[in-house]
Amino acid sequence: MMRYHFMGKVTTSTPLLFKSKLLCFSLFYLFTALFLALYTSLSQSKCLFRSSPFDPLQTPLFSYPSSYGEHKYALPTHRSTCSSPVFFTDYWTVLKEIRDLCRNSSLASPVLSYMQGQADSFGGNFSTQKRISYFDHENSSLEVPCGFLKKFPISNYDQVEMESCNGVVVVSAIFNDHDKIRQPKGLGSKTLDNVCFFMFIDDVTLNGLEYHKVISKESPQHKVGVWRIVRVLSKDLYENPAMNGVIPKYLVHRLFPNTKFSIWIDAKLQLIIDPLLLIHTLIVSENADMAISKHPFYVHTMDEAMATARWKKWWDVDALKTQMETYCDNGLRPWSRKKLPYTSDVPDSAMILRKHELSSNLFSCLMFNELEAFNPRDQLAFAYVRDHMKPKLKLNMFEVEVFEQVVMEYRHNLKHIGETGGREEGSKRSKIKRTKRAGSDLLYVNGSCCSKCQKYLLEMWGESHK
């Protein structure tokens, strides 16, 4: 503002620079854009209006040899974490709330009673009707078969460590050396004090880790970054390595009896969001027993079964057909609006979050029994168990967009380096069995109508045309 004396009067005049509204707006826009660009570049989250809710660990969790996992590539996603439909609560608020929940876990609902005894298999391998008899658990005094009918072959000191894990546990497994051990990202500064990380491996994987000088077998205890490594003598369990991986995936509540919450994560995935934030957002805030992602393509179980056969995800297609006919004969139906609030019959089970209480523990036990009876393709048994069990499961089936923004997915290891020693053993044990093609009687049995799944298929096709 400038003052002028004119004929004895004092007058004021606005500088010419500020007389142009367009120029003023342009300057405001310029300085705002510069501020937001600076804010975004300095923000941990790299997102506007989504600042990092905590001070994450900045130092690398583990330094790998350059040769380890060089043939394992990340699968790209084009979605930005800034557009995630999930907004995470402040880290310190979450930390306090989950600590309080874990401290008061003794006040939780009644726990399951598990069947004890000896059997030829780890899970007992019960008949169809015997397995069905345990679905209704309204009588809480009934003992449920839930694995451990043979000893789980791990060391005593590993078992002690597992039982001493209280609160939250993150669990993964690598059998037959199919994946690389990946360190989580974005951990809060207090997370490692409140979350346990356990990785189960077999001898084939152990030999691979020693080959790459990641660990030394001379030590009875191993740790790779955040992961406590648990060696499993899988030769005493199942011939199929994938079935051995099902044990820590579905019986985590038995392996870690003193935990309140758990996250299972396939070894092909890398966590990029703090596990406490995930538990709080997907379980606690939703009042859910379990959280799992929807499958990105399929809604009906039969769609997944057909894809499993088509892409040879399981070698015995006739056995797949027997499994689906067993389920159809015992009440499996395609997804429809009648199943709401369950929004799909097919999950992406690479990541499973659980609150360890009666319903989720029962679901896990029943699922394990089905997987032992047929095959480790857990998406095929998922809806059958969920829809028929009592009490009902409070399930949060979140969108695939959420899944893609909380993990990084990698390809399985398809090429081994240096087939020597134990790695040759792994190669022999992982020979792919010749695929058994299904017969021509998908809808017909012995040449006459009809297959037990014909009603399912007709309902599914009818629903898809509505």
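A crossing of two helices is left-handed if the near helix is turned anticlockwise from the far one by less than a right angle, and right-handed if clockwise. In this predicted model, the crossing of α9 and α12 is left-handed.

**Helix α9 against helix α12**

- Helix α9, which covers residues 301-310, and helix α12, which covers residues 378-388, have axes that come within 9 Å and cross at roughly 165°.
- Because angles over 145 degrees count as roughly antiparallel, α9 and α12 are therefore roughly antiparallel to each other.
- On the α9 side the contact is made by Thr301, Glu304, Ala305 and Thr308, and on the α12 side by Gln379, Leu380 and Ala383.
- Sorted by class, the residues of this contact between α9 and α12 comprise 3 nonpolar, 3 polar and 1 charged.

**Helix α10 against helix α12**

- The axes of α10 and α12 lie 11 Å apart, and the two helices pack at an angle of about 10°.
- Since angles under 35 degrees count as roughly parallel, this makes α10 roughly parallel to α12.
- Helix α10 contributes Leu320, Gln323, Met324 and Tyr327 to the contact, while helix α12 contributes Leu380, Ala381 and Tyr384.
- By class, the contact of α10 with α12 divides into 6 nonpolar residues, 1 polar residue and no charged residues.
- Leu380 of α12 takes part in the contact with α9 and also in the contact with α10.

**The disulfide of Cys146 and Cys365**

- The sulfur atoms of Cys146 and Cys365 are 2.1 Å apart and form a disulfide, and with -80° about the S-S bond this link is left-handed.
- Cys146 lies in the loop between β4 (143-144) and α4 (156-163), whereas Cys365 lies in helix α11 (residues 358-373), so the pair ties together parts that are 219 residues apart in sequence.
- Cys146 counts as buried because its relative accessibility is 0%, and Cys365 is likewise buried, with a relative accessible area of 0%.

**The disulfide of Cys165 and Cys196**

- Cys165 is joined to Cys196 by a disulfide with an S to S distance of 2.2 Å, and with 115° about the S-S bond the link is right-handed.
- This pair links distant parts of the chain, 31 residues apart, with Cys165 in the loop between α4 and β5 (167-174) and Cys196 in strand β6 (residues 195-201).
- Both Cys165 and Cys196 are buried.

**The disulfide of Cys328 and Cys453**

- Cys328 and Cys453 form a disulfide in which the sulfur atoms are 2.1 Å apart, and the torsion about the S-S bond is about 100°, so this disulfide is right-handed.
- Cys328 lies in helix α10 (residues 317-329) and Cys453 in the loop between β16 (448-449) and α15 (454-464), so the pair ties together parts that are 125 residues apart in sequence.
- Cys328 is buried, with a relative accessible area of 5%, and Cys453 counts as buried at 4% relative accessibility.

- Cys102 is in no disulfide, and the nearest cysteine sulfur, that of Cys165, is 9.4 Å away, whereas a disulfide requires a pair of cysteine sulfur atoms within 2.5 Å.
- Cys102 has a relative accessible area of 18% and is therefore buried, since buried means under 20%.

Methods:
Residues are numbered from 1 along each chain as its sequence is written. This is a predicted model: local features need pLDDT of at least 70, side-chain atom pairs count only at pLDDT 80 or more; totals for chains, interfaces and linings use all residues. Side-chain values use heavy atoms; hydrogens and water are left out. Axes are lines fitted to C-alpha atoms, for helices over the stretch in contact, and angles run from 0 to 180 degrees between N-to-C directions. Helices (H or I, at least four residues) and strands (E, at least two) are DSSP runs, numbered from the N terminus. Angles under 35 degrees count as roughly parallel, over 145 as roughly antiparallel, 65 to 115 as roughly perpendicular and the rest as oblique. Contact means heavy atoms within 4.5 Å. Ala, Val, Leu, Ile, Met, Phe, Trp, Tyr, Cys and Pro count as nonpolar, Asp, Glu, Lys and Arg as charged, and the others, Gly among them, as polar. Buried means under 20% relative accessible area, exposed over 50%, partly exposed in between (1.4 Å probe, protein chains only).
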